[in-house]
Amino acid sequence: MKHLHFIVIAILVVITSCTLDKTDYEAELNVETTEYIEFEEVTSIISGDYTISIEALNGTLYKGYNEVHLKISNTLTDEFLDSSKVTFLPIMTDANGNKVSCPHEYNLSYDSSEAYYLGYVVFTSESSSTVDWQLYIDFTDSDETHAQNQIITVEEQVNKNLNMTAFTGNDDEQYFIALVAPQSPSVAQNDLLAGIYKYNKPTTIAGVFPDPSQFSYSIVDAHTLLIDPRMPEPSMGNHSSPNNQDLEQQTDGLYHGIVNYTMTGNWTLNFILKNENNVTIKGTEVSTEFTPGVEGEKGELFIDILF
């Protein structure tokens with residue numbers, strides 16, 4: 001009977017803590033996330049007889065995952081190019097002059113139904129007084145190659161539901177995980193999308209800048225991203241949620257899973273990345289123990305979100 005008494009008290013503590021702190025979160029944070037669905041022009045490049053228009057959601061490039069659309073028109077003929085070979089290379093220069101890139105699709109494909117060249121870029125930092133991002137775009141028309149470049153602005157991603165992380169795996173390779181969706185989660189089971197990418201170490205000496213072989217990235221294929229979502233706030237007691245689904249790659253190249261948010265507030269998505277042979281690339285299991293008043297443990301590989 002004494003054991004039953006302690007169990008009832010523990011349950012009441014859990015219910016009371018979660019209920020009170022859910023109210024506190026809403027009153028203190030009042031977080032609203034805007035879901036962007038419209039692609040708008042970020043910038044345009046005019047060179048000779050051609051105009052290149054670069055579009056992204058909300059007309060803004062953010063740190064993290066960005067789908068990009070390019071439209072190239074010949075101003076003399078007033079026609080859009082639909083059979084050009086288009087390459088897309090983002091380069092970041094820091095205060096010391098060091099140049100690096102980020103995960104991106106180098107060879108853009110043409111979407112005939114939407115009439116634009118389609119790609120993506122995962123910016124690893126926002127622009128600042130010491131960080132410049134520049135796009136190098138090549139395209140062909142009538143067997144002639146045209147090379148253009150443009151300095152762009154990468155904004156801070158204020159929506160934590162679209163956070164990203166970069167890390168070195170146990171195989172000494174550099175990886176990137178970027179959240180793609182949902183932009184605005186709900187208290188429910190949410191479809192969770194993420195991109196997983198890898199830096200391809202150069203195998204040849206650098207040629208004429210910008211040599212794409214020195215800035216090459218690829219989509220990580222056939223891996224599995226195990227997920228354990230938890231609320232790490234001390235008042236939340238490190239609790240998780242049921243009915244989550246690990247992320248697996250689908251035909252669009254992205255990794256799809258399910259995350260069940262049972263309340264609003266701070267959540268940590270703890271991950272374990274495994275390769276096609278079920279070998280752990282990065283990540284550790286976290287404690288499942290309920291720890292009211294103690295900050296919850298985070299795994300070796302995680303992304304924090306907030307809604």
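A polar contact, as the term is used here, is a pair of N or O atoms within 3.5 Å, where within protein one atom must be able to donate a hydrogen and the other to accept it, and where residues adjacent in sequence count only if both atoms are side-chain atoms. The model is predicted, so that local features need pLDDT of at least 70 and side-chain atom pairs count only at pLDDT 80 or more, whereas totals for chains, interfaces and linings use all residues. Residues are numbered from 1 along each chain as its sequence is written, and side-chain values use heavy atoms, with hydrogens and water left out.

N161 sits in the loop between β12 (154–155) and β13 (164–168), where strands (E, at least two residues) and helices (H or I, at least four) are DSSP runs numbered from the N terminus. With a relative accessible area of 3%, N161 is buried, a word that stands for under 20% relative accessible area, as against over 50% for exposed and the range in between for partly exposed (1.4 Å probe, protein chains only). If residues up to four places away in sequence are set aside, N161 touches T33, L179, P182, Q183, P185, I305, L306 and F307, a contact being heavy atoms within 4.5 Å. The C-alpha atom of N161 is 9.9 Å from that of A178, which is 17 residues away along the chain.

One of the residues that N161 touches is Q183, which belongs to the loop between β14 and β15 (189–200). Q183 is likewise buried, at a relative accessible area of 12%, and a polar atom of its side chain lies 2.8 Å from the backbone nitrogen of Y36. The contacts of Q183, again without residues up to four places away in sequence, are T33, T34, E35, Y36, L57, N159, N161 and L162.

On a 1 Å grid over the protein atoms alone, a cavity is a set of points where a 1.4 Å probe fits but cannot get out, a pocket is an open set with protein on both sides within 12 Å along at least five of seven lines, and lining residues have an atom within 4 Å of a point. Grid points are joined across faces, edges and corners, and a volume is the space filled by probe spheres set on the points.

The largest pocket has a volume of about 750 Å³, and of the 37 residues that line it, L57, Y65, L162, V180 and Q183 are the closest to its centre. Two or more lining residues come from each of β2 (50–57), β4, β9 and β14 (174–181). This lining divides into 19 nonpolar, 12 polar and 6 charged residues, where Ala, Val, Leu, Ile, Met, Phe, Trp, Tyr, Cys and Pro count as nonpolar, Asp, Glu, Lys and Arg as charged, and the others, Gly among them, as polar.

Strand β9 (residues 116–123), one of the elements behind that lining, is mostly covered, with 7 of its 8 residues buried. Two strands are said to pair if DSSP finds at least two bridges between them; β9 pairs with β4 (residues 64–74) in the antiparallel sense over 7 bridges, and V121 in β9 is the bridge partner of N66. With β8 (residues 107–111), β9 pairs in the antiparallel sense over 3 bridges, among them the one that joins Y110 to Y117. β8 and β9 form a hairpin with 4 residues between them, and A115 in the turn has a positive phi of about 60°.

The second largest pocket holds about 150 Å³ of space, and β17 (224–230) and β20 (266–274) each supply at least two residues of its lining, which by class has 5 nonpolar, 3 polar and 3 charged residues.

A search of the whole structure also finds 2 cavities of 30 Å³ or more. The largest cavity, with about 40 Å³ of space, brings the reader back to N161, which lines it together with L179, A181, P182, P185, L192, Y261, L269 and I305; these divide into 8 nonpolar, 1 polar and no charged residues. The second largest cavity, of about 30 Å³, is lined by I45, I46, S47, Y50, T51, I52, F139 and Q148, with β1 (39–47) and β2 as the elements that give two or more residues.
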